[in-house]
Amino acid sequence: QVQLVESGGGLVQAGGSLRLSCAASGIIFSINTMGWYRQAPGKQRELVAVITRGATANYADSVQGRFTISRDNNKKTVYLQMNSLKPEDTAVYYCKAEGALGLGGYADYWGQGTQVTVSS
């Protein structure tokens, strides 16, 4: 009913930058919060950054000042600009959207994930 497609992951050296994108499509009435999460091997999935429809953003302490989340409501797309990347940022990054999505009322959907690898 709803698809989230991420792009922009890849391999980068420490100190480099990447920009992730996540576009939502399908049966969408409204999207409230969009966010990025990540999961490193052997670790639990953790929040990276979230942004409300009104563009209020919150970040994990570990990325504050280095990552910037933004969204284009018209395009139903959320972005994550990642600067000053560190090896510990290596993980699969997942996009999440919450709102009036699909036919089941309020729901959340996840993207398939995109790999980010930061070499030292």
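**Entry 1: rings and charges**

I began with the aromatic rings and found that the structure holds one aromatic pair, where rings of Phe, Tyr and Trp (its six-membered ring) pair if their centres lie within 6.5 Å, planes under 30 degrees apart counting as stacked, over 60 as edge-to-face and the rest as tilted. I note at this point that the model is predicted, that local features need pLDDT of at least 70 and side-chain atom pairs count only at pLDDT 80 or more, while totals for chains, interfaces and linings use all residues. Residues are numbered from 1 along each chain as its sequence is written, and side-chain values use heavy atoms, with hydrogens and water left out.

I then looked up Arg 45, whose charged end sits over the ring of Trp 110 at 4.6 Å from the ring's centre. Arg 45 also lies over the face of Tyr 94, 3.7 Å from the ring centre. The criterion I applied is that NZ of Lys or CZ of Arg is within 6 Å of the ring centre and within 35 degrees of the ring normal.

**Entry 2: the chain as a whole**

I read off the secondary structure and recorded zero helices and 11 strands, taking helices (H or I, at least four residues) and strands (E, at least two) as DSSP runs numbered from the N terminus. The radius of gyration of the chain is 14 Å, close to the 14 Å that the globule rule gives for 120 residues, so the chain is as compact as a globular protein of that length; the radius is taken over C-alpha atoms, and the rule is 2.2 Å times the number of residues to the power 0.38. Along its principal axes, the C-alpha trace spans about 45 × 25 × 20 Å.

For burial, I wrote down that buried residues make up 41% of the 120 residues, with buried meaning under 20% relative accessible area, exposed over 50% and partly exposed in between (1.4 Å probe, protein chains only). The accessible surface comes to about 6,100 Å², of which 48% belongs to carbon and sulfur atoms; these areas come from the Shrake-Rupley method with a 1.4 Å probe, and for residues only the protein chains shown count as cover. Of the contacts with a separation of 6 or more, 55% are between residues 24 or more positions apart, contact meaning heavy atoms within 4.5 Å.

**Entry 3: the disulfide**

I searched the whole structure for disulfides and found one, using the cut-off of a pair of cysteine sulfur atoms within 2.5 Å. Cys 22 and Cys 95 form this disulfide, with their sulfur atoms 2.1 Å apart. The pair links distant parts of the chain, since Cys 22 is in strand E3 (residues 18-26) and Cys 95 is in strand E9 (residues 91-101), 73 residues apart.

**Entry 4: two buried strand residues**

I next looked up Ser 21, which has its place in strand E3 and counts as buried at 17% relative accessibility. Not counting residues up to four places away in sequence, Ser 21 touches Val 5, Glu 6, Ser 7, Trp 36, Val 78 and Tyr 79.

Ile 51 lies in strand E5 (residues 46-51) and is buried, with a relative accessible area of 3%. Leaving aside neighbours within four places in sequence, I listed contacts of Ile 51 that include Asn 32, Met 34, Ala 57, Ile 69 and Val 78. Ile 51 and Ile 69 are 18 residues apart in sequence, and their C-alpha atoms are 6.9 Å apart in space.

Ser 120 lies in the segment after strand E11 (114-119) and counts as exposed at 88% relative accessibility. Leaving aside neighbours within four places in sequence, Ser 120 is in contact with Ala 14 and Pro 87. I also noted that Ser 120 and Val 50 are 70 residues apart in sequence and 27 Å apart in space, C-alpha to C-alpha.

Checking backbone torsions, I found that Ala 55 has a positive phi of about 75 degrees although it is not a glycine, and that Ala 55 is placed in the loop between E5 and strand E6 (57-59). Lys 76, which is not a glycine either, has a positive phi of about 55 degrees.
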